Amino acid sequence: MLEKNVKLYDKTILVTGAAGFIGANLIQALFRDVGSVHIVGIDNMNAYYDVSLKEFRLNQIRELEAAVSGDFTFIEGSIADKGLVCSLFEQYRPQIVVNLAAQAGVRYSIENPDAYIESNLIGFYNILEACRHSYDDGAAGVEHLVYASSSSVYGSNKKIPYATQDKVDNPVSLYAATKKSNELLAHSYSKLYGIPSTGLRFFTVYGPAGRPDMAYFGFTDKLVKNETIRIFNYGNCRRDFTYIDDIVTGVEAVLQCAPLPNEDGVRYKIYNIGNNQPENLLDFVEILQEELKRAEILPEDYDFEAHKELVGMQPGDVEVTFADVSELERDFGFRPSTDLREGLRKFAQWYRDFYL
């Protein structure tokens with residue numbers, strides 16, 4: 001623990017997507033674990049989902065900031081605004097950059113592709129350019145760029161579990177294509193300009209104050225309203241659900257260790273970060289409704305069977321996600337500790353307190 005505190009102590013860290021699910025939880029963890037750290041957050045606060053959730057997360061950060069010796073500066077704006085990104089780097093000179101800002105969601109990428117090009121490609125390019133110019137005039141520059149990729153890059157790969165050495169050349173959604181593009185762009189900038197970068201392929205992150213477009217959240221909303229939930233591929237899907245605290249523990253560990261040059265001399269690395277234990281979707285929704293009853297969100301006599309509909313696979317989706325996290329475990333001792341029932345219980349308790 002001491003070594004971790006020494007490495008991050010008094011650093012300036014830029015977190016994009018600071019009001020997002022992973023970003024906000026990461027910032028809180030840094031305040032709790034390090035204390036004296038200077039965090040600059042940027043988020044465009046768009047209305048892709050309920051903005052009050054983003055405001056709730058920011059308020060959590062500010063409450064925690066008041067109890068530590070670190071500080072949090074928040075800027076509302078888009079990383080697609082190159083002038084804004086450049087000015088942030090010039091003013092705050094971040095030593096560590098965590099790019100979590102992105103337009104998320106596989107299904108939404110079919111409906112609104114422009115948002116993905118703007119945020120995930122143009123925005124990430126702006127971050128890379130700012131990192132590159134942080135070394136101008138002999139400045140120390142960015143010590144480590146950590147950015148969000150996604151398990152979606154694996155597409156419809158038949159080999160499981162998914163390993164970072166697998167080919168990922170056949171994305172099945174625009175969202176996945178933008179995330180694969182991020183990895184390629186980061187590699188080229190690492191090769192050309194020496195930017196130490198680490199990409200993290202996230203696997204189905206869930207938990208309190210999560211994203212409403214995720215299945216567990218959407219199912220809950222519908223069940224509360226007495227509506228029918230649709231379970232795709234007739235329930236024959238498996239997902240590597242990963243609790244938010246486990247994800248943040250992994251990200252926090254990665255932040256402190258910029259990659260050494262690989263066999264090609266490039267300071268570039270990609271890790272899977274998931275639970276390494278895929279769950280059947282029907283089992284998942286069964287546990288969810290049990291925990292919603294336990295939290296008194298649904299009545300004990302709620303007829304769950306009458307509120308579910310099994311339907312076919314939807315475009316852009318895949319049957320299974322399954323993370324091989326052996327590299328992350330080897331390099332950082334990463335080992336998720338939250339089982340699905342415990343995680344959904346915490347979500348249900350939060351949902352009750354926030355909405356009911």
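**Helix 6 in its chain**

Analyst: Buried residues, those under 20% relative accessible area with a 1.4 Å probe and protein chains only, make up 54% of the 356 residues in the chain. This is a predicted model, where local features need pLDDT of at least 70, side-chain atom pairs count only at pLDDT 80 or more, and totals for chains, interfaces and linings use all residues. Numbering runs from 1 along each chain as its sequence is written, and side-chain values use heavy atoms, without hydrogens and water.

The chain has 12 helices and 13 strands. These are DSSP runs numbered from the N terminus: helices are H or I with at least four residues, strands E with at least two. Contacts are heavy atoms within 4.5 Å. Among those between residues at least 6 apart in sequence, 83% join residues at least 24 apart.

Now the helix. Helix 6 covers residues 113–133, 21 residues in total. From first C-alpha to last it reaches 29 Å, close to the 30 Å expected at 1.5 Å a residue. That expected span is 1.5 Å times one less than the number of residues.

Its buried residues are Y116, S119, N120, G123, F124, N126, I127, L128, E129, A130 and C131. An α-helix has 3.6 residues a turn, so residues three or four places apart point the same way.

What do the buried residues of helix 6 pack against? Three partners are helices: helix 4 (82–92), helix 5 (106–111) and helix 7 (174–193). The strands are strand 1 (12–16), strand 4 (96–99) and strand 5 (144–150).

Note on methods:
Buried < 20%, exposed > 50% of the residue type's maximum accessible area, 1.4 Å probe, protein only.
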